[in-house]
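Hi,

Here is the structure I promised to pass on.

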Amino acid sequence: MNDFNTLDGNAPEVIGHRGASGYRPEHTLESYRLAIELGADVVEPDLVVTRNGVLIARHENDLSGTTDVSERPEFADRETTKEIDGQEITGWFAEDFTLAEIKTLYARERIPEIRPDNAEYDDLYRIPTLDEIIELVRQEEARTGREIGIIPETKHPTFFLQEGTYLDGTAIQQDTSRLLIDALVRAEFTDPDRVTIQSFELGNLIKLQQEIMSEADVDLPLVQLLGGSYDLAFNFDPGKASLGADPSVYDELGLDLSMESAVNEDLVSAEALQAMARVYAEAIGPYKDYIRPVVELETPVDGNGDGRAEITRKLTGETTSLVEEAHAAGLEVVPYTLRREESFLSLTPEGKVETPTEEARALIEIGVDGFFTDNPDIGRGAVNQEFEARNWEGADWNAIAAEATRNFERTGTWYVSGIGLGDPDRAEVTDWNAVAAQVEANYAATGQWFV
Ligand SMILES: [Ca+2]
Ligand SMILES: [Ca+2]
Ligand SMILES: [Ca+2]
């Protein structure tokens with residue numbers, strides 16, 4: 001099936017951002033499990049590290065925004081202020097807790113004012129380790145017969161390895177990229193079709209490619225996230241040399257980088273994309289606005305008539321050349337983050353509210369290879385609609401039938417992964433051999449593939 005505008009022509013992957021974080025407190029096993037149930041191909045754990053070197057799923061090392069830690073008197077003395085990636089943050093930090101202590105905390109909804117329904121699930125779920133997430137994925141694969149991927153993100157790698165300190169002021173010096181590969185190898189979960197690693201920082205990805213993964217004899221696809229790469233600011237700061245800051249870590253890219261490259265457009269040039277592809281990356285993960293630019297509205301708009309004007313953005317109607325240039329460099333493109341609530345939506349150039357499904361379909365039409373969404377059901381629906389819109393024209397029905405048959409023999413269920421009709425729970429087409437026979441007959445009679 002070479003029908004989509006993706007790099008390989010296959011359907012784009014639906015990535016459950018922090019699980020199904022539109023419906024459950026993020027980065028909990030329940031959030032990931034629901035994401036898989038709703039049709040995510042891949043689930044996304046962000047990773048930080050505990051005092052005793054265990055990777056756990058949190059979007060940042062400060063635990064106060066997504067757990068009950070601030071209300072736990074036994075941990076009151078762990079509150080502190082640290083400089084994280086150039087910003088002063090006061091909170092309770094993962095690296096100052098053992099895993100056993102972390103396991104006494106409960107997860108909470110990050111944005112209860114926007115997602116009040118999610119807050120109903122506060123204080124029900126624990127914080128999962130990477131190992132537990134892999135175990136869940138394995139269970140769900142066995143249960144559903146679908147292949148599920150994970151796309152872990154290393155959070156604050158420079159902070160954890162070079163710049164950060166524990167509560168007592170001693171250096172943390174934990175290499176979370178190495179811990180990640182060690183954990184994956186230990187779990188025997190190193191299939192490059194199912195595990196992809198992402199980071200906003202460049203340095204840890206380059207090191208993963210050139211050192212950590214090759215030493216472990218694994219080679220997983222790497223995604224360079226775009227939209228703020230703190231390691232550039234660190235490594236180009238001569239004042240941080242004593243902490244190991246070293247701009248030569250980027251030498252092999254052959255690019256003219258500087259501190260400002262962390263925030264300007266240096267990393268989205270065609271030359272930069274080609275350099276990343278050559279040295280380490282298989283994909284980029286840009287902010288969605290890098291593909292479909294928006295302008296800020298002078299006056300917010302009430303899109304759903306509930307009396308609250310929460311739409312602040314309007315699409316210009318342009319499409320940048322980023323997807324095209326990334327594909328030309330051999331890089332896939334997986335933008336972030338699609339969310340359904342009004343405050344995350346945009347007006348179309350004509351002034352209508354663009355629905356979450358329309359937004360996903362527009363990105364799919366442009367050719368993204370996957371996308372991060374808090375609402376995997378909406379993402380799955382959009383991919384399915386794109387399939388149907390294509391009317392299966394030009395599809396390789398023999399290949400589809402062959403895959404469906406293989407899946408049936410393996411699992412007892414007729415399905416084809418990654419395509420709309422293929423959801424084993426909702427499959428309408430059950431006899432793929434008959435489908436293939438019919439399209440073959442039609443093709444022989446008319447020269448057209450159709451059912
Ligand atoms: Ca993430
Ligand atoms: Ca690579
Ligand atoms: Ca509104």
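Leu226 sits across from Pro286 of β11. The strands involved are β10 (residues 222–226) and β11, which pair in the parallel sense over four bridges; strands are DSSP runs of E, at least two residues, helices are runs of H or I, at least four residues, and both are numbered from the N terminus. Pairing here needs at least two DSSP bridges between two strands. β11 also pairs with β14 (residues 332–333), again parallel, over two bridges, and there Ala283 stands opposite Glu332.

Before you go further: this is a predicted model, where local features need pLDDT of at least 70, side-chain atom pairs count only at pLDDT 80 or more, and totals for chains, interfaces and linings use all residues. Residues are numbered from 1 along each chain as its sequence is written, while chains are lettered from A and ligands numbered from 1 in the order in which they are written.

Which way do the residues of β11 (residues 283–286) point? Ala283 and Gly285 go one way, Ile284 and Pro286 the other, and all are buried (20 or more other C-beta atoms within 10 Å of the residue's own, with C-beta atoms placed from the backbone).

Now the helices. The axes of α1 (residues 29–37) and α4 (residues 130–144) come within 10 Å and cross at roughly 30° (lines fitted to C-alpha atoms over the stretch in contact, with angles from 0 to 180 degrees between N-to-C directions). The pair is therefore roughly parallel, the term for angles under 35 degrees.

Cheers

Technical notes: Angles under 35 degrees count as roughly parallel, over 145 as roughly antiparallel, 65 to 115 as roughly perpendicular and the rest as oblique. A residue is buried if 20 or more other C-beta atoms lie within 10 Å of its own, exposed if 12 or fewer, and partly exposed in between; C-beta atoms are placed from the backbone.
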